[in-house]
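Hi,

Here is the structure I promised to pass on. Have a look at it first, and then read on for what turned up.

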Amino acid sequence: MMTLSGCARAAAILALAVLATPAGATTWTVDCSSLSNSTASNGTTMMTGLTPQNALGTVLGTPISPPLFQPPPVAGDVIQINSICSEDILVRIPGLTITNDSGSPDTLTVGDGIQGQLEFAGVGNTVIDGILIGNDSGPFALGAADIANLYVHDGASVALKNSQVANGPFIGILVARSSAVSVIDATVSGNGNGMATDNANNMGILATSSATVVLGNGDGTGPATIETNAGSGVVVSDGSSLVVNAATIAGNATEAGGNGLAQVLLLGASSGFITGQNAAATTITAPSAGCCQAIFAGGASTLDVEQGAAIVGNKAHAAIALDASTLLLQGSVVSSGVGASSPGASEPTIHGTGNSVVALAGNNNVCFGTPGPGATCTANSGGIALGVDHVSTLIQVPGKVLGYPSASDTVSGGGSVLLQSTVDLGLGLVSSGPSLVPSLSWNTSGAAINVAQNSSFRLDGGTNITGALKLTQSSNGFFNQSSGGTNTVSGGVACNFNTVPATHVAGPTFVSPTLTLAGSMVSVPKGQCLGF
Amino acid sequence: MRTGGLCAVFATAALGATQQALANTWNVGCPGAGATTLSVTYVGGAMDGTTSSMLDFAADDGTDAALDALGALLGTPAQRTASTIATSFGVTLSTGDTVKITGSCQQDVTITTPGLRITNATGSGSDGVQGQIEVAGARQTVINGLLVGPNMNSGSFASAADQALVYAHDGASAIVQNSSLANSPRVGAFAANASQVLLLDTFIGGSGASVPDFEFGVGALAIDGSSLVIDSPDSNPTTTEIVSNHGGGIALFNGSSLVSTSAVVSTEIIHANDGRQLFLTGGSSARLTGTHVGGDECDTHCGSSIEAVGASSLRLDGLTSIGAVAGQSAVTLSGSSTLLASGTLMIVPAGAATIEASYNSVVALAGGNTICNGSFNGSTCIDSTGTAFQIDHVSTLIDVPPEDFGYTAGQDAVFGGGTVQLQSTVDLGLGTVGGSTPSLAWNTGSGAIAISQNSSFRLDGGATVTGKVKLSQGSNGFFNVANGGTNTVTGGVSCPFTAMPAAHVVAPNASALSPTPDLAIGFLSATANQCLPF
């Protein structure tokens, strides 16, 4: 390993410093530490006699004035802040870096920052590094026209690094109209405290109108933390996108009365890509004693959860709930139901309703209970792991649709299939080390898989269900081995009815144990299925 | 913002965009006859506060052949730089500058400088541009108080390549405020390729006279990941209005979005356009809050007031109201599209369903809606002889808890019959609202709720149906009180069949369904209209 002498090291540091500030760029210093003599300087000229309420705006501009320091900063300049500047800022200059004055921009300095709305209108390539936006110690007030601590709109883009967006009365970060914010090694917490029951204005992050939010770096580093906001952690609406590369989203929806929303909420044809980077980089957790799901996707939204993301619901609500939306799930751990005293009354761990689609792409652990290492689960007996209703669909799809090798899905907990919904499972045998194993291993854990109300249930081979499958109310079962392997339902397949049998099965010999079907409609024993 | 959702977001955007105190002001004169003129009023420096001498440019002739003063300043489709400006005035057009127009400049212009504010000089209402204002990749362009239209003499654009009166594309953003975009030969306001157009207290009317198709003849159009915003941030009576456009009101294509948020209920108006008032396709989304969509004022080629197809998403709330002409629906969904409605009023005359959902679409009611097939007398729906809901081809009508979406609970009131076909599903009833009011009150009028062709119908408590429910052709009914309250179907539930009984009902008790239906005791002994039990 090469070592550097003192002089060489100093030269290297100097070189890095030069590299950090683009050639020709100016480093500005805004010192808001004095109530009556705050200053702003571009290194050659200093404005004095300023206050914490106007020093930063003098350099960057405000909602009622462009920069008064002339000429103002230009793209590539660095703005260093000392102490807390208390005013609303409106930036119309692209390419600025706004940081602390500690000399360590990669580290948050909570004593340096902005207490006011920091707004970026249509400007790209802004970097905010190592500062506090808001108040570290508790709630503070914003102006009557303000809406967020950090407001990025109309095609603007901001990289928020090593910073904290904290304790604002309204939204923490608002990203609107084709704008983008990436949150790297930064925290968004305690916001929305002034709008405790107004779910439209109290979330940690809101992306609306084709906006984009990225949490963490693409390699799984730089995790974002979204916590203790009064409303949701992250809301993505109106054709917007969320990318979660590395994040912890938990403890949000703290508002009184339990009227909160999910930790992550997608609406209006929005999309979410959530990955754990195969390194447990991402965890999204619903409050154990609070409301709502960890993730809720509605209104034709799409959700892709993969590579070891951990999604945790609570004792009453799902980890992932879909309403007229789709989920593609790969390699992730999804759980709920811990502490549920009546597990059967809880929402399923994954719940799709209203023409939703749940697609399992392999290597998932879906657990109504406490997941353990690998694909293990200490199930809370009697709970439902997978539920689809109202014309929804649960299917398995090959991992290759996401570029991953085929692997087995593990499910622990019952199943609920209602109101014209469809289940189609089994991709044959898949590799597990030197062995081939069924593509699905489902232990119903004291419950069963109940299929009712005009629904369909099909196994295509490569499925191993430990528990019972119950078909009722004009629902039908279909069994084949077209994907390879066999189908096992250890507790058997039953077709229950009270008066008139109305449930059919096709392929009774393609499931073990095999079924004996009724020979006619007239004399069907209880529990026996009709043939076609 | 405190009470109006996202409305303050856009209000703030507009306010912020108006502040450019230190920037230069350019004065453009387009007198209509004779030379056009340009001068600049300097801000800052030695010339602060002074106005340059006036420079003459070509007279307006409605073409780009010779640049008028506005084209020379802003750029045109053919000449995107204004090279003569700096030489003549010592400064050039820069971000933050204001351009004041006196008269009506007959010129297509192309703006590539971000952060410009283009406004009228006299407040007369006639200052503006006859031609296309193109915003090419430039952000935060403000167009305030202008009359924008085609060449007044020909009624057409100067170039066949012109798209719209305001055309923002390739990442551009334009805020059109207190302006009138009138009689565009094609589109009124157009956002393309990840661009945004905000319409604040602005009028768009008469678009599409030369191309009255559903795409390039509409009042406002967003395509390819673009967004439209409609708002009236100052809450004054002059609000945004999209009216009398020949190819439709608003169209969204390919992952685009519309947010219409009213500070004053029903002051944003999309009405009296030909065709559809709002059309969404290709995974686009629209959210209307407090917006009036007056499809009932349509005169020509009228379609559904709002139509969403191709996995698009529609969200209506905050006292949004929708009307349609006879024979057309208020909302039509197709191809995996979704509607979420809360606190919305929809009225259509008999002849078509008020809401129609087909091909894997979903209608979700989140409380406080009035769905009327008939006429509205100001407080209630009367003359309900048609169909309120038509749900078919594997589609779903469902009640959803208002709190899941941040709404307040309220009763959904439906007037008109229901048709549920081809493997579709209806699931209604959220218990009671305020302790005793059923969450759903559905008066079928002279019709019924007819469920057929392998479909399902479920009530979960808190549902009152004044009328009949008929299950047939392999369709089944399910009744429970899981959500609290009771279920009532005053006209009873029946299962008509001709030869073979094939419709089932889960045997309900009196709370789950009142009156309790007369069920067959066996398959062979079922009589006409009797349902089979399971």
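A quick term before we start: two residues are in contact if their C-beta atoms, placed from the backbone, lie within 7 Å. With that in hand, take chain B: among its contacts with a separation of 6 or more, 69% are between residues 24 or more positions apart. Keep in mind that this is a predicted model.

One strand to zoom in on is S9 of chain B, residues 141-144. Thr141(B) and Ile143(B) sit on one side of S9(B), Val142(B) and Asn144(B) on the other, and all four are buried, so both faces are covered. S9(B) also has partners. It pairs in the parallel sense with strand S6(B) (residues 117-120) over three bridges, where Ile143(B) is the bridge partner of Ile118(B). With strand S12(B) (residues 173-177), S9(B) pairs in the parallel sense too, over four bridges, and there Val142(B) stands opposite Ile175(B).

Then there is the meeting of the two chains: 52 residues of chain A are in contact with 68 residues of chain B. On chain A's side, the elements that give two or more residues are strands S9(A) (118-121) and S15(A) (171-176). By class, that side has 20 nonpolar, 26 polar and six charged residues.

Cheers

Methods: Residues are numbered from 1 along each chain as its sequence is written. Chains are lettered from A and ligands numbered from 1 in the order in which they are written. This is a predicted model: local features need pLDDT of at least 70, side-chain atom pairs count only at pLDDT 80 or more; totals for chains, interfaces and linings use all residues. A residue is buried if 20 or more other C-beta atoms lie within 10 Å of its own, exposed if 12 or fewer, and partly exposed in between; C-beta atoms are placed from the backbone. Two strands pair if DSSP finds at least two bridges between them. Ala, Val, Leu, Ile, Met, Phe, Trp, Tyr, Cys and Pro count as nonpolar, Asp, Glu, Lys and Arg as charged, and the others, Gly among them, as polar.
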